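Dear colleague,

Please find below a structure that I am handing over to you.

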Amino acid sequence: MKILFATGGTGGHINPALAAAGEIKKQYPDAEILFVGTKEKMEARLVPAAGYAFETIEISGFQRKLTPENIKRNLGTVAKLFKSSSQAKKIIEKFKPDVVVGFGGYVSGPVLRMASKMGIPIAIHEQNAFPGKTNKILAKRADKVMLTVPEAEQYLECKNPCIVTGLPVRGEILSANRDEARFRMNLDERPLVLSMGGSLGAKAINEAVAGMIAKRISKHDCKYLHAMGQYGLWMPDALRKLGVDCDKEPDVEIREYINDMDVCLAAADFVICRAGASSLSELEALGKPAILIPSPNVAENHQYHNAMALVNKGAAVIIEEKDLTPDSLSQKVDELLANREALKDIGERAKALSIADANERICEVITSLVKK
């Protein structure tokens with residue numbers, strides 16, 4: 001069995017593909033797996049580190065804002081499209097895959113289109129509630145279209161019915177124990193509010209969280225753990241100016257990055273975060289209530305659609321970034337902490353959306369094409 005994966009650009013595309021490949025190798029140890037990506041993006045580091053063979057093609061995305069510089073870049077992208085198709089054909093002819101699978105990112109476009117032209121079965125997986133442009137195009141010719149959430153299907157034209165598989169969640173997240181996690185973190189009976197804005201740090205979230213903590217700290221009704229990110233190192237000083245010294249305040253912990261997310265997420269009573277597909281799948285898996293603040297700076301505003309897939313089912317609450325202030329965030333935190341039954345209900349509704357066997361479902365879809 002030979003399976004070729006084409007994906008790249010962000011961890012949101014790459015990590016689910018790696019998880020799917022891992023499940024295939026678990027069930028079919030003799031399976032041969034090849035990844036195709038670009039040499040400039042994250043996949044060039046993550047895929048070889050995971051132990052998989054890796055080939056590259058030259059491809060880039062189109063710039064949507066039409067400035068003179070971007071028009072020049074788009075002309076270069078057109079040239080790369082022709083070259084990437086030729087590169088994809090050579091890789092496919094050499095590897096001879098039984099099925100080709102795309103997990104999003106513009107690199108998957110030329111590879112899957114070429115595989116389809118060559119009569120090889122193709123499948124795609126869409127992580128977000130609002131599909132990306134590449135998957136919208138590929139869905140029309142894909143033999144199997146896998147979705148994280150059913151809401152995405154309304155935006156796709158598919159030749160076959162879509163299959164909701166969910167999104168793989170890391171094993172350490174699934175196996176984390178709340179009581180053990182809270183013991184390791186030396187927490188008391190008060191709730192833990194976990195907040196973050198991504199590894200780089202979201203300025204709007206950092207500012208709102210700092211203001212919220214300053215407004216609420218005198219209540220001493222909860223503990224706060226916040227990840228400020230690489231560009232948020234100013235935050236402890238900002239809190240001191242607001243009257244909160246993190247070195248002396250035992251109820252507040254500010255980190256640059258959370259390396260033990262499995263422990264912290266298990267211990268948390270609710271979470272304040274962005275609405276990336278992987279993050280939401282982890283919240284659902286653990287049944288964690290959340291205040292979601294979708295990033296407005298992503299393609300097709302897909303994080304908003306991801307968030308609303310939960311909000312419309314009562315499985316999360318939302319504050320759009322345009323409405324995010326210390327006051328609006330404090331109000332939401334007050335509401336959640338004041339009504340523990342409502343908080344519990346939100347978590348249970350989130351848990352009900354979780355698909356625990358996403359890995360197995362994705363593996364079944366992919367290998368069913370091989371068997372055909």
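The paragraphs below go from the overall fold to a sheet and then to the aromatic residues.

Please note at the outset that this is a predicted model. The protein contains 15 helices and 13 strands. Its radius of gyration is 22 Å, close to the 21 Å that the globule rule gives for 372 residues, so the protein is as compact as a globular protein of that length. The C-alpha trace spans about 65 × 50 × 35 Å along its principal axes. Of the 372 residues, 52% are buried. The accessible surface of the protein amounts to about 17,300 Å², and carbon and sulfur atoms account for 51% of that area. When contacts between residues at least 6 apart in sequence are considered, 65% of them join residues at least 24 apart.

The neighbour of β13 is strand β12 (residues 290–292), and the two pair in the parallel sense over 2 bridges. Within this pairing, L292 has I318 in β13 as its bridge partner. As background, the strands of a sheet pair through backbone hydrogen bonds, either parallel or antiparallel.

The aromatic side chains deserve a separate paragraph. The count of aromatic pairs comes to 4. One of them is formed by F5 and F35, whose rings are stacked, at 5.0 Å centre to centre and with 15 degrees between the planes. This pair links distant parts of the chain, since F5 belongs to strand β1 (residues 2–6) and F35 to strand β2 (residues 32–37), 30 residues apart. Both F5 and F35 are buried.

Another pair consists of F130 and Y155. The ring centres of F130 and Y155 are 4.5 Å apart and the planes stand at 55 degrees, so this pair is tilted; an angle over 60 degrees would have counted as edge-to-face. F130 lies in the loop between β5 (122–126) and α5 (133–139), while Y155 lies in the loop between β6 (144–147) and β7 (163–164), so the pair ties together parts that are 25 residues apart in sequence. F130 has a relative accessibility of 14% and therefore counts as buried, the limit being under 20%. Y155, with a relative accessible area of 30%, is partly exposed.

Leaving aside residues up to four places away in sequence, F130 touches K136, Y155, E300, H302, H305 and N306. By contrast, the C-alpha atoms of F130 and A115 are separated by 25 Å, and these two residues are 15 residues apart along the chain.

Two further findings concern aromatic rings. F5 and F35 also belong to one aromatic cluster, together with Y52 and F103.

With kind regards

Note on methods:
Residues numbered from 1 in each chain as written. Predicted model: local features only at pLDDT ≥ 70, side-chain atom pairs only at ≥ 80, totals over all residues. Heavy atoms only, no water. Phe/Tyr/Trp six-rings, centres within 6.5 Å; stacked < 30°, edge-to-face > 60°. Helix = DSSP H or I, 4+ residues; strand = E, 2+ residues; numbered from the N terminus. Buried < 20%, exposed > 50% of the residue type's maximum accessible area, 1.4 Å probe, protein only. Pairing = 2+ DSSP bridges. Rg over C-alpha atoms; globule rule 2.2 N^0.38 Å. Contact = heavy atoms within 4.5 Å. Areas by Shrake-Rupley, 256 points an atom, 1.4 Å probe, with all protein chains shown as cover.
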